[in-house]
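Here is a short note to read beside the model. Please keep the structure open and find each residue as it comes up.

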Amino acid sequence: MQNLEPVRDQNAHPEDEPTAFPDSPFDRWMTPVRRFLHIEAASGIVLFACAVAALVAANSPFAEPFAEFWHTKVALLIGKWTVAGDVAHLVVNDGLMTIFFFVVGLEIKREIVAGELRNVRNAILPVVAAIGGVLAPALVYLALQWGEAGQRGWAIPMATDIAFVVGVLALFGRRVPFGLKIFLLSLAIVDDLIAVATIALVFTESIAWGWVAAAGVGFAMTYVLNRVGLRQVGAYILIGLFIWFAFYKSGIHPTVAGVLLGILTPASAWVGERTLTQIVGEAWQRLRGQPESPLNEHDRVAELERLAFVAQEGVSPLHRLESSLHPWVAFGIMPIFALANAGVVVAMSDLANPVTIAVMAGLFIGKPLGILLFSGIAVGMRATRLPEGVTWGMMVGAACLAGIGFTMSLFLTTLSFPSSLGDAGSSLAASGKVGTLLGSLASAVVGSLLLLWAARNGPSPDAAE
């Protein structure tokens with residue numbers, strides 16, 4: 001076989017030379033993680049700007065038209081079945097957020113297959129910390145709201161918003177160990193998984209099992225079509241829409257369908273590495289040709305199309321979908337969600353509302369308390385250890401940052417206090433959103449200050465990315 005190294009263009013500038021692909025397994029595993037963290041860091045800024053814009057709009061002279069837009073009624077008629085609601089709930093919270101949760105499912109699958117959760121010993125710390133970071137906020141909230149009208153909002157302070165957390169960590173640059181970022185990323189992913197289970201098990205009042213069975217048929221079709229080698233994305237989109245509709249009609253929140261589809265996405269490429277190498281080698285020989293037998297234009301185009309196909313299928317569907325969808329979710333869907341849900345009218349009465357205080361306490365006190373307590377127990381029992389270069393001072397700051405619950409907390413607020421509860425539900429939802437914003441802000445400020453102090457007084461971390 002001929003040498004497959006690229007031929008250097010004599011007229012090319014040195015800066016035009018292609019960079020080497022990562023060769024080690026560690027580099028291959030870390031490349032998508034680094035890309036994910038960079039996108040999340042930038043999207044956190046956009047998310048913050050949209051949240052501020054929504055708050056300003058909701059408390060300005062334009063509050064009425066701003067609210068009317070999100071409450072615009074929309075409906076979709078499919079035969080004798082109707083899907084109806086308003087822009088905020090049906091289009092954003094039920095529709096676009098399903099894509100968000102699909103990417104969450106992809107992230108969970110990636111972490112389990114090739115990430116921090118792949119290794120049992122490495123996974124223990126973020127998994128145990130996440131469990132503590134879910135239980136403690138819920139208990140703190142219930143301790144303040146037991147027997148009250150806001151008791152059903154106990155799930156609101158459970159989740160961590162990874163976009164905001166990574167955005168804050170990005171401000172520290174190399175002063176924060178990369179292992180701390182991976183820990184928080186893994187913790188937030190386990191957090192999301194627990195939140196999705198809560199949505200499915202707690203916020204489902206009644207289930208239409210016929211529609212659940214229909215969704216099961218859709219999942220089975222997805223699996224079979226993938227096994228037989230169907231690669232047309234359009235077919236999977238149609239089946240995904242059917243599964244979404246079946247979940248919607250079943251009474252289970254349709255975002256759960258997004259997570260399940262993400263987890264079921266294949267993590268291995270259809271074209272294996274050996275096959276890819278062989279096909280590329282043979283194509284190189286044919287395209288290079290011999291002076292006496294050059295390829296004609298038709299054969300050349302056919303060969304290039306074949307190469308394009310195997311190049312695409314040489315990458316796993318999981319990696320391909322996450323890479324293509326993640327920027328759209330980070331810079332499109334999440335900011336739209338913030339605009340639709342963070343626009344709450346802030347009244348002085350909301351600041352002292354018991355639900356507001358309970359959510360704030362859950363995020364600001366319960367979250368770091370649970371993470372640190374469970375992490376300390378796990379490390380003390382020698383079941384795991386802190387990530388390399390991470391001190392307990394840094395863990396305290398990171399645990400406080402995990403109290404930034406923005407996106408998932410707002411989403412859980414809309415589920416805890418739905419519009420079906422009437423004016424009382426709307427009032428509780430407003431208090432829950434105010435508590436989420438204030439608790440997240442306090443967690444961001446205190447967590448940043450503690451992490452800055454720990455980074456300055458701890459050992460110089462190797463945070464190379």
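**Notes on the model**

1. Start with Tyr248. Tyr248 is partly exposed, with a relative accessible area of 23%. Buried means under 20% relative accessible area, exposed means over 50%, and partly exposed is in between (1.4 Å probe, protein chains only). This is a predicted model: local features need pLDDT of at least 70, side-chain atom pairs count only at pLDDT 80 or more, and totals for chains, interfaces and linings use all residues. Residues are numbered from 1 along each chain as its sequence is written, and side-chain values use heavy atoms, with hydrogens and water left out.

2. Now the whole chain. The protein chain has 17 helices and two strands. These are DSSP runs, numbered from the N terminus: helices are H or I with at least four residues, strands are E with at least two. Of its 465 residues, 46% count as buried. Take the contacts in the chain with a separation of 6 or more: residues 24 or more positions apart account for 82% of them. Contact means heavy atoms within 4.5 Å.

3. Next, the aromatic rings. How many aromatic pairs does the structure hold? There are twelve. Rings of Phe, Tyr and Trp (its six-membered ring) pair if their centres lie within 6.5 Å; planes under 30 degrees apart are stacked, over 60 edge-to-face, and the rest tilted. Phe66 and Trp70 form an edge-to-face pair, 6.3 Å centre to centre with 75° between the planes. They are four residues apart in helix α2 (residues 63–70), so about one helical turn separates them. Trp70 is buried, at a relative accessible area of 10%.

4. Back to Tyr248 and its partner. Trp244 and Tyr248 are stacked: 5.4 Å centre to centre, 20° between the planes. Both lie in helix α8 (residues 233–250), four residues apart, about one turn of the helix. Is Trp244 buried or exposed? Trp244 is buried, with a relative accessible area of 17%. Elsewhere, ring pairs link Phe100, Phe101, Phe337 and Phe411 into a cluster.

5. Look at the strands. β1 (residues 73–78) and β2 (residues 81–86) pair in the antiparallel sense over six bridges. Two strands pair if DSSP finds at least two bridges between them. Leu77 stands opposite Thr82 in β2. The two strands form a hairpin with two residues between them, and Gly79 in the turn has a positive phi of about 65°.

6. Arg382 lies in the loop between α14 (354–380) and α15 (392–401). Arg382 is exposed, with a relative accessible area of 73%.

7. Helix α5 (residues 162–170) and helix α6 (residues 178–202) pack at an angle of about 170°, with their axes 10 Å apart. That makes α5 roughly antiparallel to α6. Axes are lines fitted to C-alpha atoms, for helices over the stretch in contact; angles run from 0 to 180 degrees between N-to-C directions, and those over 145 count as roughly antiparallel. The contact is made by Ile162, Val165 and Leu169 of α5 and Lys181, Leu184, Leu185 and Ala188 of α6.

8. Finish with Ser443. Ser443 is found in helix α17 (residues 423–457). Ser443 is buried, with a relative accessible area of 1%. Leaving aside neighbours within four places in sequence, Ser443 has contacts that include Leu363, Phe364 and Cys400.

How values were computed: Parallel < 35°, antiparallel > 145°, perpendicular 65-115°, else oblique.
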